[in-house]
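Thank you all for coming; I would like to take a few minutes on the salt bridges of one model and then on its sheet. Please have a look at the structure first.

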Amino acid sequence: MKTCLVVDDSKVIRKVARHILETLNFRVSEAGDGKEALDACLVSAPDVVLLDWNMPVMSGMDFLRALRVSAVTSRPKVVFCTTENGMAHIRAAIEAGADEYVMKPFDRETLESKLQIVGMA
């Protein structure tokens, strides 16, 4: 069973994403910010990270940069999940190491297609 870490400061978004991912047969864990997520990845890296952009403590971009230079041995696929839809944001996320990008709000079909693109569905 593939694993996914859902990183978002919104409990509601984490709950919705968890529900969708569980129907796609993922084992899901959650983090409320980038620092929590980085700590979780250092303990046990998931197959994929569904990552919010704007969060307190450590943003999605800061998490991505920290993940790239961390001791995490198997780098998870990263799908940015956010309301930021400008081309500059998308380009910055990809350049920082994101594998794909999904806009909020998203549904099962949209998330599943993004996971297929990164080879995780």
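Predicted model: local features only at pLDDT ≥ 70, side-chain atom pairs only at ≥ 80, totals over all residues.

Let me start with Asp39, which counts as partly exposed at 36% relative accessibility, where buried means under 20% relative accessible area, exposed means over 50%, and partly exposed lies in between, with a 1.4 Å probe and protein chains only. Residues are numbered from 1 along each chain as its sequence is written, and side-chain values use heavy atoms, with hydrogens and water left out.

The side chain of Asp39 meets that of Lys35 in a salt bridge, at 3.0 Å from N to O; the term stands for a side-chain nitrogen of Lys or Arg within 4 Å of a carboxyl oxygen of Asp or Glu. Both residues lie in helix α2, residues 34-43, four residues apart, which is about one turn of the helix. Helices here are DSSP runs of H or I with at least four residues, strands are runs of E with at least two, and both are numbered from the N terminus. Lys35 is itself partly exposed, with a relative accessible area of 40%.

In helix α3, residues 60-68, Arg65 and Asp62 lie three residues apart, and they form a salt bridge whose closest N and O atoms are 3.4 Å apart. Arg65 is partly exposed at 45%, and Asp62 is partly exposed as well, at 40%.

By the rule I gave, the count comes to 10 salt bridges.

Five strands form an open, parallel sheet in the order β2-β1-β3-β4-β5, where two strands pair if DSSP finds at least two bridges between them. Strands β2 (26-31) and β5 (100-103) stand at the edges with a single partner strand each, so one side of each is left without a neighbour in the sheet. Six bridges join β1, residues 2-7, to β2.
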